[in-house]
Amino acid sequence: MSAADRESPLPHSLLNTPAMRRACAERDIGAIFMLARDHAGLTQSRLARLCEMTPSRVGDYIRGRARVRQQHVVERVADALRIPGELLGLAPRPWEDGESFDPESVPPALRPKLADSVVELELFIAIDVDKDGWVNLTYRHTVLNLTDRPLTRFARELWFEHGEGPLDIAALPTARHQIAVERIHDAGTLAKFACRVSPPVPPMGSATIAYRCTGGRFVDAHYWRQAITRATLRLTIDVHQRGLAALRDVAALEEHPDGATQSIDEHVRWSVDGDEVDITLGREDLKPNQFVTLHWEVARGGG
């Protein structure tokens, strides 16, 4: 039995049904979740954990209150439920052949600059905000270890302007590694912590390190400022906020190590559906000591 077979939460018999194939062809994530719930015994909570969403968001998809528009969400569902890429109109997923990430796919011009470092192949940040401003924050780091030492520890820091503190940070399960959160320092809504990785990521190996944070809140200012601590080939910030009367403005800014700043508004996409908004910012080939900030101005509940 292959690694993909062992890790798949869906039986092959379900993947081969006309209903599942139709749902995949239409990228109807709600129908996929419903079939997984009814025929594979996956609860709404487990689907949420596997796909790095909130249970309420999974429920919205199942009930048809929301539709997936972003490509990266489709990819995340494919990887979490081990749905072959061809069924969803995607390229073959990295796990389909049982191989880990191929370092040769790193652009040749970047390889000398990335030598002896840990590289973020992808940094994905999901910011789910409820009608009262409370945030369910998910981080997913896909890293490549280009050092000559095993990667056992991954230091991180999170901060909110408002919240009930200390922040609650929990590791999320991944296919090949166990992640444990080690608290280093808590000061109100500032948390310094490390993710311990088991088994360690070997030299030239890759891993996904994922965790969720709750306890932070947006009150007046709605923004996320992301520090780039290591070379990052792809960054995605995905915001979903509920309970809005209007989305008034969206803007994004990139700060360079030399202090220069530039607008990156052209890299932002957003959509409004009733009282909900989805905002996505995507950037590529970022360097250490850069900052990327996404601002969004909203009116809540008719205010």
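A salt bridge is taken here as a side-chain nitrogen of Lys or Arg within 4 Å of a carboxyl oxygen of Asp or Glu. In the predicted model, 18 salt bridges are counted by this rule. One of them joins the side chains of D278 and R69, with an N to O distance of 3.8 Å. R69 is located in the loop between α6 (55-62) and α7 (71-81), whereas D278 belongs to strand β13 (residues 276-286), so the pair ties together parts that are 209 residues apart in sequence.

Strand β13 is also a member of an open sheet of seven strands. The strand order in this sheet is β4-β7-β2-β1-β9-β13-β12, and the pairing is mixed.

Strand β2 spans residues 134-145 and strand β7 residues 206-217, and the two pair in the antiparallel sense over eleven bridges. In this pairing R140 is found opposite A210 of β7.

A further antiparallel pair is formed by strand β5 (residues 178-187) and strand β6 (residues 190-201), which are joined by nine bridges. These two strands make up a hairpin with two residues between them. G188, in the turn, has a positive phi of about 65°. A187 stands opposite L190 of β6.

Helix packing was examined for α3 and α4. Two packed helices are described by the angle between their axes and the distance between the axes. Helix α3 covers residues 18-25 and helix α4 residues 29-40; their axes come within 8 Å and cross at roughly 150°. Angles over 145 degrees count as roughly antiparallel, and the crossing angle therefore makes α3 roughly antiparallel to α4. The crossing of α3 past α4 is left-handed. On the α3 side the contact is made by A19, M20, A23 and C24, and on the α4 side by A31, I32 and L35. By class, this contact has seven nonpolar residues, with no polar and no charged residues.

Technical notes:
Residues numbered from 1 in each chain as written. Predicted model: local features only at pLDDT ≥ 70, side-chain atom pairs only at ≥ 80, totals over all residues. Heavy atoms only, no water. Axes fitted to C-alpha atoms, helices over the stretch in contact; angles between N-to-C directions. Helix = DSSP H or I, 4+ residues; strand = E, 2+ residues; numbered from the N terminus. Parallel < 35°, antiparallel > 145°, perpendicular 65-115°, else oblique. Left-handed = near helix turned anticlockwise from the far one by under 90°. Contact = heavy atoms within 4.5 Å. Nonpolar A, V, L, I, M, F, W, Y, C, P; charged D, E, K, R; others polar. Pairing = 2+ DSSP bridges.
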